[in-house]
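Hello,

Here is the structure I promised to pass on. My notes follow below it.

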Amino acid sequence: YKKNELKLLPNPPWTNLIPKKSKILLYFGRFHRKKGIKELLYAWKEVLEEAKTNNWWLVIIGYGDDVNPQWIIEKLQLDNCIVLGPVFEEKIKASTFVNSNAFILPSFSEGLPMSVLEAMSFKKTTLISKDCNLNDVFKNKASIEIQTNEEDIANSLNNLFLQSQDELEDIGENAFKYVKDNYSWEKISLM
């Protein structure tokens, strides 16, 4: 998307559900136990006060019945956290990434996680586990490495909340460059 096209995107799916100037940490994908959603939500409970203080919301978008994030949110009585259904329409999907501040995938097992690459292509800071199979992103400062257990995810979230906008943008720029250099259509067609 070019800059002028980004202005024409529809509102993100959480419009009217979250206060306007909030920062959005996005999970986008299947609701499966190997994705670390349960651990993420338990970690969110640990950092909830810091999230509120720093105006962060966790938005979980996706589908699947292996894990029920809404049930966990209600059980843990989590604030600043919502679950929305899947988004398939390209412009709404683009708006979802554009209007988020960071992306998280504390996965236990991935092949090639397209949602991470999409987030990176929109210059987003991503927090991902080694099991996302994109290990060179860490040495290129194109992503923040997280572990898959609750305590480490909580520590990573607290660190995220302390990052300045400039720091997040630097990681996002590195992410964009990483995707462009490694996953352009020309490169993929040569694989």
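**Thr126 and its surroundings**

A polar contact of 2.7 Å joins the side chains of Thr126 and Ser143. (Polar contact: a pair of N or O atoms within 3.5 Å; within protein, one must be able to donate a hydrogen and the other to accept it, and residues adjacent in sequence count only if both atoms are side-chain atoms.) Please note that this is a predicted model: local features need pLDDT of at least 70, side-chain atom pairs count only at pLDDT 80 or more, and totals for chains, interfaces and linings use all residues. Residues are numbered from 1 along each chain as its sequence is written, and side-chain values use heavy atoms, without hydrogens and water.

Thr126 sits in strand E5, residues 125-128. (Strands, E, are DSSP runs of at least two residues and helices, H or I, of at least four, numbered from the N terminus.) Thr126 counts as buried because its relative accessibility is 0%. (Buried is under 20% relative accessible area, exposed over 50%, partly exposed in between; 1.4 Å probe, protein chains only.) Leaving out residues up to four places away in sequence, Thr126 touches Phe103, Val116, Ala119, Met120, Ala142, Ser143 and Ile144. (Contact: heavy atoms within 4.5 Å.)

**Helix H5**

Helix H5 spans residues 114-121; its buried residues are Ser115, Val116, Leu117, Ala119 and Met120. Their cover includes strand E1 (23-30), helix H4 (90-98), strand E4 (102-105), E5, helix H6 (136-139) and helix H8 (165-182). Just after H5, Lys123 has a positive phi of about 60 degrees.

Best wishes
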